[in-house]
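I set out here what I looked up in this structure, entry by entry. The sequence and the model come before my notes.

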Amino acid sequence: MKKRDSLNRLERSRTVKCKWFNVCPMKRFSEEGKVEVGWLKKYCWGKWEKCVRFQMEERGEYHPDSMLPDGNVDEKLS
Ligand code: SF4
C-alpha cells in the first residue's frame, strides 16, 4: 500500500502524461509493484512518443500486455 501511495503522489505531480496511461497495463503493473516506476518516468510521463507500445497503439498494431515500453516482452508479466 505504501508503494501505491507514493506512486499516486508521484502520478498527481505529473500534469502531462501519455494519452494511453489510464488504460495502459504499465500503470497497473507499476501499481502492483511488477515494473519499476522508472519506466513510467522515462516514457509515460516523459518521452511517450519513443515508447514502442505507444507507437504500435497509434498504428493499430497488436502488442501483448507484457510488452515493455522499449519493445521487449517480459514473460513474467503475462
Ligand atoms: S507504456 Fe507507453 S503506451 Fe503505455 S502509458 Fe506508457 S508511454 Fe503510453
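Among contacts in the protein chain between residues at least 6 apart in sequence, what percentage join residues at least 24 apart? I worked from a predicted model, and I found that 40% of these contacts do so.

Entry on the fold. I counted four helices and zero strands in the protein chain. Reading along the sequence, I noted the pattern α-α-α-α. The radius of gyration is 12 Å, close to the 12 Å that the globule rule gives for 78 residues, so I recorded the chain as being as compact as a globular protein of that length. Along the principal axes, I found that the C-alpha atoms fill a box of roughly 35 × 30 × 15 Å. I then looked up burial and noted that 19% of the 78 residues count as buried.

Entry on the ligand. Which residues come nearest to the ligand? Of the 13 residues around the ligand, I listed Cys-18, Cys-24, Cys-44, Trp-48 and Cys-51 as the nearest. I noted helix H3 (37-44) and helix H4 (52-59) as the elements that give two or more residues to this shell. H4 gives the most, with three residues. By class, I recorded eleven nonpolar, no polar and two charged residues in the shell around the ligand.

How values were computed
Residues numbered from 1 in each chain as written. Predicted model: local features only at pLDDT ≥ 70, side-chain atom pairs only at ≥ 80, totals over all residues. Rg over C-alpha atoms; globule rule 2.2 N^0.38 Å. Buried ≥ 20, exposed ≤ 12 C-beta atoms within 10 Å, placed from the backbone. Contact = placed C-beta atoms within 7 Å. Near = placed C-beta within 6 Å. Nonpolar A, V, L, I, M, F, W, Y, C, P; charged D, E, K, R; others polar.
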